[in-house]
Amino acid sequence: MRLFVKSGAEVKVVSTKEGLEFITPLTLATLSKNPVYSEFYDKESGAWTNHVELGKWADIMVIAPCTANSLAKMANGLCDNLLLATYLSADCPVFFAPAMDLDMYAHPSTHKNIQSLLSYGNIELPAEEGELASGLKGKGRMCEPETILSMVEDFLKKKNSLRGKSVLVNAGPTHERLDPVRFIGNYSSGKMGIAIANELAQRGADVHLVLGPVSDQRLSAGIQLTRVTSAEEMLLACQSKFKEVDAAILAAAVADYRPKTQVDQKIKKKTKEFILELEKTPDVLKQLGSMKSSQTLVGFALETNDEIEHAKDKLKKKKLDFIVLNSMKDPGAGFQKDTNKITILEKNGKRHNFDTKLKSEVASDIIDLLETYLCED
Ligand code: CTP
(Lines give C-alpha, C1' and ligand atoms only; values in the text may rest on other atoms or scores of the structure.)
Protein backbone atom coordinates (compact mmCIF):
# COMPACT_ATOMS: atom_id res chain seq x y z
CA MET A 1 0.00 0.00 0.00
CA ARG A 2 2.85 2.30 0.92
CA LEU A 3 4.56 1.60 -2.43
CA PHE A 4 1.38 2.24 -4.43
CA VAL A 5 0.75 5.53 -2.63
CA LYS A 6 4.39 6.50 -3.20
CA SER A 7 4.15 5.77 -6.92
CA GLY A 8 1.17 8.13 -7.22
CA ALA A 9 -1.81 5.77 -7.01
CA GLU A 10 -4.97 6.60 -5.14
CA VAL A 11 -5.52 3.71 -2.74
CA LYS A 12 -8.66 2.57 -0.94
CA VAL A 13 -8.39 -0.34 1.48
CA VAL A 14 -11.04 -3.03 1.90
CA SER A 15 -10.13 -5.48 4.64
CA THR A 16 -11.74 -8.54 6.15
CA LYS A 17 -12.42 -8.34 9.89
CA GLU A 18 -9.59 -10.84 10.43
CA GLY A 19 -7.23 -8.60 8.49
CA LEU A 20 -7.91 -5.81 10.96
CA GLU A 21 -6.65 -8.07 13.78
CA PHE A 22 -3.19 -7.80 12.20
CA ILE A 23 -3.12 -4.13 11.39
CA THR A 24 -5.32 -1.38 12.78
CA PRO A 25 -7.79 0.57 10.61
CA LEU A 26 -6.11 3.75 11.82
CA THR A 27 -2.74 2.68 10.34
CA LEU A 28 -4.38 1.64 7.07
CA ALA A 29 -6.40 4.87 6.84
CA THR A 30 -3.38 7.02 7.64
CA LEU A 31 -1.18 5.33 5.04
CA SER A 32 -3.82 5.13 2.31
CA LYS A 33 -5.18 8.62 3.07
CA ASN A 34 -8.69 7.21 2.72
CA PRO A 35 -11.25 5.58 5.03
CA VAL A 36 -10.89 1.82 5.50
CA TYR A 37 -13.85 -0.36 4.48
CA SER A 38 -14.59 -3.66 6.16
CA GLU A 39 -18.30 -3.81 7.00
CA PHE A 40 -21.41 -3.65 4.85
CA TYR A 41 -22.85 -1.17 7.39
CA ASP A 42 -21.18 1.41 9.57
CA LYS A 43 -22.35 0.42 13.07
CA GLU A 44 -22.60 3.98 14.39
CA SER A 45 -24.10 5.90 11.48
CA GLY A 46 -25.88 2.91 9.92
CA ALA A 47 -24.47 4.02 6.53
CA TRP A 48 -24.25 1.39 3.79
CA THR A 49 -20.88 0.76 2.16
CA ASN A 50 -21.50 0.50 -1.54
CA HIS A 51 -19.30 -2.40 -2.67
CA VAL A 52 -20.54 -2.02 -6.26
CA GLU A 53 -19.30 1.56 -6.33
CA LEU A 54 -15.96 0.51 -4.81
CA GLY A 55 -15.59 -2.28 -7.37
CA LYS A 56 -16.32 0.11 -10.23
CA TRP A 57 -14.15 2.91 -8.86
CA ALA A 58 -10.88 0.96 -8.98
CA ASP A 59 -8.65 0.69 -12.07
CA ILE A 60 -6.90 -2.24 -10.43
CA MET A 61 -7.83 -4.43 -7.47
CA VAL A 62 -4.98 -6.10 -5.57
CA ILE A 63 -5.85 -8.70 -2.94
CA ALA A 64 -2.71 -9.12 -0.88
CA PRO A 65 -2.33 -11.19 1.14
CA CYS A 66 -4.97 -13.52 -0.26
CA THR A 67 -5.60 -16.24 2.31
CA ALA A 68 -6.64 -19.82 1.53
CA ASN A 69 -10.09 -18.92 2.81
CA SER A 70 -10.55 -15.84 0.60
CA LEU A 71 -9.08 -17.70 -2.35
CA ALA A 72 -11.59 -20.54 -1.96
CA LYS A 73 -14.49 -18.14 -1.57
CA MET A 74 -13.44 -16.07 -4.59
CA ALA A 75 -13.08 -19.21 -6.68
CA ASN A 76 -16.62 -20.24 -5.81
CA GLY A 77 -18.43 -16.92 -5.84
CA LEU A 78 -19.11 -16.76 -2.09
CA CYS A 79 -19.96 -13.34 -0.80
CA ASP A 80 -20.06 -13.20 3.00
CA ASN A 81 -17.89 -10.13 3.56
CA LEU A 82 -17.26 -6.76 1.98
CA LEU A 83 -13.99 -7.82 0.34
CA LEU A 84 -15.74 -10.66 -1.54
CA ALA A 85 -18.69 -8.46 -2.51
CA THR A 86 -16.25 -5.87 -3.88
CA TYR A 87 -14.32 -8.60 -5.72
CA LEU A 88 -17.50 -9.89 -7.36
CA SER A 89 -18.54 -6.36 -8.35
CA ALA A 90 -15.15 -5.29 -9.71
CA ASP A 91 -14.92 -5.01 -13.48
CA CYS A 92 -11.24 -4.03 -13.42
CA PRO A 93 -8.25 -6.41 -13.55
CA VAL A 94 -7.89 -8.26 -10.23
CA PHE A 95 -4.50 -9.35 -8.89
CA PHE A 96 -4.29 -11.84 -6.04
CA ALA A 97 -1.25 -12.74 -3.94
CA PRO A 98 -1.76 -16.13 -2.25
CA ALA A 99 -0.23 -16.24 1.22
CA MET A 100 -0.57 -19.21 3.55
CA ASP A 101 1.35 -21.97 5.21
CA LEU A 102 3.32 -24.64 3.40
CA ASP A 103 0.82 -27.52 3.37
CA MET A 104 -2.16 -25.27 2.83
CA TYR A 105 -0.46 -23.84 -0.24
CA ALA A 106 0.49 -27.30 -1.48
CA HIS A 107 -3.04 -28.68 -0.99
CA PRO A 108 -4.72 -29.70 -4.27
CA SER A 109 -7.80 -27.63 -3.41
CA THR A 110 -5.68 -24.46 -3.20
CA HIS A 111 -4.15 -25.33 -6.54
CA LYS A 112 -7.61 -25.86 -8.03
CA ASN A 113 -8.88 -22.55 -6.60
CA ILE A 114 -5.91 -20.67 -8.07
CA GLN A 115 -6.62 -22.29 -11.46
CA SER A 116 -10.24 -21.18 -11.20
CA LEU A 117 -9.24 -17.58 -10.51
CA LEU A 118 -6.83 -17.65 -13.45
CA SER A 119 -9.57 -19.00 -15.67
CA TYR A 120 -11.70 -15.98 -14.66
CA GLY A 121 -8.91 -13.74 -15.97
CA ASN A 122 -7.57 -12.77 -12.53
CA ILE A 123 -3.82 -12.34 -12.32
CA GLU A 124 -1.73 -14.29 -9.84
CA LEU A 125 1.06 -12.64 -7.92
CA PRO A 126 2.83 -15.92 -7.25
CA ALA A 127 3.73 -16.91 -3.69
CA GLU A 128 7.41 -17.10 -2.88
CA GLU A 129 9.65 -19.51 -0.98
CA GLY A 130 10.86 -18.58 2.46
CA GLU A 131 10.20 -18.75 6.15
CA LEU A 132 6.49 -19.04 6.94
CA ALA A 133 4.48 -17.95 9.98
CA SER A 134 4.53 -21.51 11.37
CA GLY A 135 8.33 -21.55 11.29
CA LEU A 136 8.30 -24.00 8.40
CA LYS A 137 10.26 -23.13 5.30
CA GLY A 138 8.87 -23.43 1.78
CA LYS A 139 6.43 -21.94 -0.70
CA GLY A 140 3.53 -19.87 0.56
CA ARG A 141 4.99 -16.48 1.50
CA MET A 142 3.22 -13.51 0.00
CA CYS A 143 4.96 -12.15 -3.08
CA GLU A 144 7.30 -9.30 -2.05
CA PRO A 145 5.62 -5.85 -2.16
CA GLU A 146 8.22 -4.57 -4.66
CA THR A 147 7.37 -7.48 -6.99
CA ILE A 148 3.66 -6.75 -6.63
CA LEU A 149 4.21 -3.11 -7.59
CA SER A 150 6.40 -3.96 -10.57
CA MET A 151 3.98 -6.64 -11.86
CA VAL A 152 1.08 -4.20 -11.65
CA GLU A 153 3.16 -1.46 -13.30
CA ASP A 154 4.15 -3.82 -16.14
CA PHE A 155 0.52 -4.72 -16.59
CA LEU A 156 -0.50 -1.06 -16.76
CA LYS A 157 2.21 -0.31 -19.29
CA LYS A 158 0.92 -3.09 -21.54
CA LYS A 159 -2.59 -1.95 -20.78
CA ASN A 160 -2.30 1.04 -23.05
CA SER A 161 0.05 -0.49 -25.59
CA LEU A 162 -2.73 -0.91 -28.17
CA ARG A 163 -4.64 2.30 -27.52
CA GLY A 164 -5.91 3.71 -30.81
CA LYS A 165 -5.68 0.35 -32.61
CA SER A 166 -8.75 -1.59 -33.65
CA VAL A 167 -8.87 -5.35 -33.99
CA LEU A 168 -11.48 -7.76 -35.28
CA VAL A 169 -11.60 -11.19 -33.61
CA ASN A 170 -13.88 -14.10 -34.37
CA ALA A 171 -14.44 -17.04 -32.07
CA GLY A 172 -16.54 -20.09 -31.38
CA PRO A 173 -18.11 -22.65 -33.68
CA THR A 174 -20.73 -22.07 -36.35
CA HIS A 175 -23.96 -24.02 -36.55
CA GLU A 176 -25.21 -24.90 -39.99
CA ARG A 177 -28.94 -25.40 -39.96
CA LEU A 178 -30.46 -28.60 -41.30
CA ASP A 179 -34.05 -28.37 -40.10
CA PRO A 180 -35.79 -26.49 -37.26
CA VAL A 181 -34.25 -28.78 -34.61
CA ARG A 182 -30.87 -29.84 -36.00
CA PHE A 183 -27.60 -28.38 -37.14
CA ILE A 184 -24.06 -29.40 -38.05
CA GLY A 185 -21.52 -27.98 -35.61
CA ASN A 186 -18.31 -28.70 -33.73
CA TYR A 187 -17.00 -28.76 -30.15
CA SER A 188 -15.38 -25.31 -30.16
CA SER A 189 -15.98 -23.45 -26.89
CA GLY A 190 -14.78 -20.07 -28.18
CA LYS A 191 -12.41 -19.84 -25.17
CA MET A 192 -9.26 -19.11 -27.18
CA GLY A 193 -10.82 -16.33 -29.25
CA ILE A 194 -12.54 -14.83 -26.20
CA ALA A 195 -9.20 -14.84 -24.32
CA ILE A 196 -7.64 -12.99 -27.29
CA ALA A 197 -10.45 -10.43 -27.35
CA ASN A 198 -10.08 -9.89 -23.59
CA GLU A 199 -6.31 -9.49 -23.83
CA LEU A 200 -6.67 -6.95 -26.64
CA ALA A 201 -9.26 -5.00 -24.67
CA GLN A 202 -7.01 -5.02 -21.60
CA ARG A 203 -4.25 -3.49 -23.71
CA GLY A 204 -6.56 -0.68 -24.77
CA ALA A 205 -7.49 -1.79 -28.31
CA ASP A 206 -10.96 -1.27 -29.78
CA VAL A 207 -12.16 -4.82 -30.12
CA HIS A 208 -14.94 -6.15 -32.35
CA LEU A 209 -15.74 -9.74 -31.49
CA VAL A 210 -17.84 -11.80 -33.86
CA LEU A 211 -18.92 -14.75 -31.76
CA GLY A 212 -20.57 -17.98 -32.81
CA PRO A 213 -23.05 -19.92 -30.69
CA VAL A 214 -21.35 -20.49 -27.30
CA SER A 215 -23.01 -20.15 -23.93
CA ASP A 216 -20.15 -19.10 -21.67
CA GLN A 217 -18.67 -15.72 -22.48
CA ARG A 218 -16.71 -13.74 -19.89
CA LEU A 219 -15.96 -10.64 -21.88
CA SER A 220 -13.93 -7.65 -20.71
CA ALA A 221 -15.73 -4.34 -20.62
CA GLY A 222 -15.82 -2.38 -23.87
CA ILE A 223 -15.71 -5.27 -26.34
CA GLN A 224 -18.17 -4.72 -29.22
CA LEU A 225 -19.98 -7.98 -29.71
CA THR A 226 -21.79 -9.34 -32.76
CA ARG A 227 -23.45 -12.72 -32.31
CA VAL A 228 -23.78 -15.00 -35.32
CA THR A 229 -24.83 -18.58 -35.93
CA SER A 230 -23.76 -19.75 -39.39
CA ALA A 231 -20.59 -19.45 -41.48
CA GLU A 232 -22.47 -17.16 -43.87
CA GLU A 233 -23.42 -14.79 -41.02
CA MET A 234 -19.85 -14.98 -39.69
CA LEU A 235 -18.56 -13.96 -43.12
CA LEU A 236 -20.93 -11.00 -43.48
CA ALA A 237 -20.19 -9.72 -39.97
CA CYS A 238 -16.40 -10.04 -40.42
CA GLN A 239 -16.39 -8.50 -43.90
CA SER A 240 -18.31 -5.44 -42.73
CA LYS A 241 -15.85 -4.77 -39.90
CA PHE A 242 -12.63 -5.73 -41.67
CA LYS A 243 -12.31 -2.53 -43.71
CA GLU A 244 -12.12 -0.36 -40.61
CA VAL A 245 -9.65 -2.35 -38.46
CA ASP A 246 -5.86 -2.45 -38.13
CA ALA A 247 -5.78 -6.20 -37.62
CA ALA A 248 -7.95 -9.29 -37.60
CA ILE A 249 -7.43 -12.52 -35.68
CA LEU A 250 -9.65 -15.33 -36.86
CA ALA A 251 -9.87 -17.96 -34.17
CA ALA A 252 -13.35 -19.30 -34.98
CA ALA A 253 -13.87 -22.94 -35.83
CA VAL A 254 -16.04 -22.22 -38.84
CA ALA A 255 -17.87 -25.27 -40.18
CA ASP A 256 -16.41 -26.25 -43.54
CA TYR A 257 -19.62 -27.73 -44.93
CA ARG A 258 -23.32 -27.08 -44.54
CA PRO A 259 -26.44 -28.98 -45.64
CA LYS A 260 -27.13 -28.21 -49.27
CA THR A 261 -30.81 -27.77 -48.58
CA GLN A 262 -32.55 -26.60 -45.43
CA VAL A 263 -36.08 -27.62 -44.69
CA ASP A 264 -38.72 -25.88 -42.63
CA GLN A 265 -40.17 -28.99 -41.03
CA LYS A 266 -38.44 -31.56 -38.86
CA ILE A 267 -37.00 -34.40 -40.94
CA LYS A 268 -38.77 -37.62 -39.92
CA LYS A 269 -36.95 -40.93 -39.56
CA LYS A 270 -38.68 -42.73 -42.34
CA THR A 271 -35.83 -44.49 -44.12
CA LYS A 272 -33.19 -46.93 -42.90
CA GLU A 273 -30.40 -44.85 -44.34
CA PHE A 274 -30.22 -41.13 -44.69
CA ILE A 275 -27.78 -39.46 -47.01
CA LEU A 276 -27.14 -35.82 -46.37
CA GLU A 277 -25.78 -33.70 -49.18
CA LEU A 278 -23.35 -31.01 -48.05
CA GLU A 279 -21.83 -28.00 -49.74
CA LYS A 280 -18.82 -25.89 -48.84
CA THR A 281 -19.27 -22.87 -46.60
CA PRO A 282 -17.38 -19.64 -47.37
CA ASP A 283 -13.82 -19.50 -46.04
CA VAL A 284 -14.03 -16.35 -43.94
CA LEU A 285 -10.29 -16.02 -43.46
CA LYS A 286 -9.51 -16.53 -47.12
CA GLN A 287 -12.11 -13.93 -48.10
CA LEU A 288 -10.57 -11.40 -45.71
CA GLY A 289 -7.13 -12.28 -47.12
CA SER A 290 -8.39 -11.33 -50.58
CA MET A 291 -9.81 -8.01 -49.26
CA LYS A 292 -6.66 -7.18 -47.31
CA SER A 293 -4.96 -3.79 -47.71
CA SER A 294 -2.80 -2.65 -44.78
CA GLN A 295 -4.39 -4.87 -42.11
CA THR A 296 -2.37 -7.45 -40.21
CA LEU A 297 -4.15 -10.75 -40.72
CA VAL A 298 -3.76 -13.68 -38.31
CA GLY A 299 -5.29 -17.12 -38.65
CA PHE A 300 -5.32 -20.37 -36.75
CA ALA A 301 -4.65 -23.87 -37.95
CA LEU A 302 -5.91 -26.95 -36.21
CA GLU A 303 -4.08 -30.00 -37.42
CA THR A 304 -3.72 -33.67 -36.57
CA ASN A 305 -0.86 -34.57 -38.92
CA ASP A 306 1.90 -32.91 -40.97
CA GLU A 307 1.14 -29.87 -38.87
CA ILE A 308 3.88 -27.46 -39.96
CA GLU A 309 3.44 -28.22 -43.63
CA HIS A 310 -0.34 -27.70 -43.51
CA ALA A 311 -0.01 -24.53 -41.45
CA LYS A 312 2.55 -23.07 -43.89
CA ASP A 313 0.19 -23.85 -46.72
CA LYS A 314 -2.69 -22.01 -45.02
CA LEU A 315 -0.40 -19.07 -44.16
CA LYS A 316 0.33 -18.58 -47.84
CA LYS A 317 -3.03 -19.42 -49.38
CA LYS A 318 -4.97 -17.18 -47.00
CA LYS A 319 -2.44 -14.29 -47.24
CA LEU A 320 -1.70 -14.18 -43.52
CA ASP A 321 1.00 -12.33 -41.63
CA PHE A 322 1.21 -15.14 -39.12
CA ILE A 323 -0.60 -18.33 -38.24
CA VAL A 324 -1.14 -19.92 -34.85
CA LEU A 325 -0.87 -23.66 -35.03
CA ASN A 326 -2.59 -25.98 -32.55
CA SER A 327 -1.86 -29.62 -32.88
CA MET A 328 -4.52 -32.06 -31.69
CA LYS A 329 -1.57 -34.34 -30.83
CA ASP A 330 -0.65 -32.12 -27.88
CA PRO A 331 -2.43 -33.29 -24.73
CA GLY A 332 -2.87 -29.72 -23.42
CA ALA A 333 -4.43 -28.38 -26.62
CA GLY A 334 -7.83 -28.55 -28.21
CA PHE A 335 -11.51 -27.74 -27.94
CA GLN A 336 -13.17 -27.10 -24.56
CA LYS A 337 -9.82 -27.08 -22.68
CA ASP A 338 -8.56 -24.16 -20.58
CA THR A 339 -5.00 -24.67 -21.82
CA ASN A 340 -3.42 -24.63 -25.23
CA LYS A 341 -0.05 -25.35 -26.80
CA ILE A 342 0.79 -23.34 -29.87
CA THR A 343 3.49 -22.76 -32.45
CA ILE A 344 3.45 -19.52 -34.42
CA LEU A 345 4.71 -19.34 -37.99
CA GLU A 346 5.33 -15.93 -39.51
CA LYS A 347 5.25 -15.18 -43.23
CA ASN A 348 8.89 -14.10 -42.99
CA GLY A 349 9.75 -17.70 -42.04
CA LYS A 350 10.25 -17.12 -38.29
CA ARG A 351 8.94 -19.82 -36.01
CA HIS A 352 8.04 -19.49 -32.30
CA ASN A 353 7.40 -22.51 -30.08
CA PHE A 354 5.55 -22.16 -26.79
CA ASP A 355 4.88 -24.45 -23.82
CA THR A 356 1.43 -25.58 -22.74
CA LYS A 357 -0.16 -22.59 -21.02
CA LEU A 358 -3.53 -21.26 -19.92
CA LYS A 359 -5.48 -19.81 -22.84
CA SER A 360 -5.23 -16.34 -21.26
CA GLU A 361 -1.40 -16.65 -21.29
CA VAL A 362 -1.43 -18.00 -24.85
CA ALA A 363 -3.52 -14.97 -25.84
CA SER A 364 -0.89 -12.71 -24.29
CA ASP A 365 1.90 -14.41 -26.32
CA ILE A 366 -0.10 -13.96 -29.54
CA ILE A 367 -0.83 -10.31 -28.82
CA ASP A 368 2.83 -9.64 -27.92
CA LEU A 369 3.69 -10.70 -31.47
CA LEU A 370 0.79 -8.77 -33.00
CA GLU A 371 2.10 -5.64 -31.27
CA THR A 372 5.37 -5.93 -33.17
CA TYR A 373 3.32 -5.62 -36.39
CA LEU A 374 1.01 -2.85 -35.20
CA CYS A 375 3.48 -0.73 -33.25
CA GLU A 376 6.58 -0.95 -35.45
CA ASP A 377 8.02 2.39 -34.39
N1 CTP B 1 -11.54 -20.65 -41.52
C2 CTP B 1 -12.48 -19.76 -41.97
N3 CTP B 1 -13.56 -20.19 -42.66
C4 CTP B 1 -13.72 -21.51 -42.91
C5 CTP B 1 -12.76 -22.43 -42.46
C6 CTP B 1 -11.67 -21.96 -41.76
O7 CTP B 1 -12.34 -18.54 -41.73
N8 CTP B 1 -14.79 -21.92 -43.59
C9 CTP B 1 -10.35 -20.12 -40.80
C10 CTP B 1 -10.29 -20.52 -39.33
O11 CTP B 1 -10.92 -19.54 -38.52
C12 CTP B 1 -8.80 -20.57 -39.09
C13 CTP B 1 -8.20 -20.95 -40.43
O14 CTP B 1 -9.21 -20.65 -41.39
O15 CTP B 1 -8.28 -19.28 -38.73
C16 CTP B 1 -7.80 -22.39 -40.56
O17 CTP B 1 -8.86 -23.23 -40.17
P18 CTP B 1 -8.69 -24.80 -40.17
O19 CTP B 1 -9.97 -25.43 -39.70
O20 CTP B 1 -7.41 -25.20 -39.50
O21 CTP B 1 -8.44 -25.12 -41.71
P22 CTP B 1 -9.32 -25.10 -43.01
O23 CTP B 1 -8.96 -23.88 -43.79
O24 CTP B 1 -10.78 -25.28 -42.68
O25 CTP B 1 -8.76 -26.36 -43.79
P26 CTP B 1 -8.83 -27.92 -43.41
O27 CTP B 1 -10.16 -28.11 -42.69
O28 CTP B 1 -8.77 -28.60 -44.71
O29 CTP B 1 -7.64 -28.20 -42.52
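Predicted model: local features only at pLDDT ≥ 70, side-chain atom pairs only at ≥ 80, totals over all residues.
**The ligand and its surroundings**

| Residue | Protein atom | Ligand atom | Distance |
|---|---|---|---|
| Asp256 | polar side-chain atom | oxygen | 3.1 Å |
| Asp283 | polar side-chain atom | nitrogen | 3.4 Å |
| Val284 | polar backbone atom | nitrogen | 3.0 Å |

On its own, the ligand has 560 Å² of accessible area, and the protein covers 75% of that.

**From S16 to S17**

Strand S16 also has a partner strand. It runs parallel to S17, and 6 bridges join the two. Within this pair, Leu302 stands opposite Asn326 of S17. Helix H13 (residues 307-317) belongs to the picture as well: S16, H13 and S17 make a right-handed β-α-β unit.

**Strand S17**

Is strand S17 (residues 322-327) mostly covered or mostly open? It is mostly covered, with 6 of its 6 residues buried. In a regular strand, side chains alternate between the two faces of the sheet. Both faces of S17 are covered. Phe322, Val324 and Asn326 are buried on one side. Ile323, Leu325 and Ser327 are buried on the other.

S17 also pairs with strand S19 (residues 342-346). This pairing is antiparallel and spans 5 bridges. Which residue of S19 is the bridge partner of Asn326? The partner is Ile342.

**Ile114 in helix H8**

One more residue deserves a look. Ile114 sits in helix H8 (residues 108-119). Is Ile114 buried or exposed? Its relative accessible area is 6%, so Ile114 counts as buried, the cut-off being under 20%. Phe96 lies 18 residues away from Ile114 along the chain, and their C-alpha atoms are separated by 9.2 Å.

Definitions and conventions:
Residues numbered from 1 in each chain as written. Heavy atoms only, no water. Polar contact = N/O pair within 3.5 Å; in protein donor to acceptor, adjacent residues only side chain to side chain. Areas by Shrake-Rupley, 256 points an atom, 1.4 Å probe, with all protein chains shown as cover. Buried < 20%, exposed > 50% of the residue type's maximum accessible area, 1.4 Å probe, protein only. Helix = DSSP H or I, 4+ residues; strand = E, 2+ residues; numbered from the N terminus. Pairing = 2+ DSSP bridges. Right-handed = clockwise from strand over helix to strand, strands pointing away.
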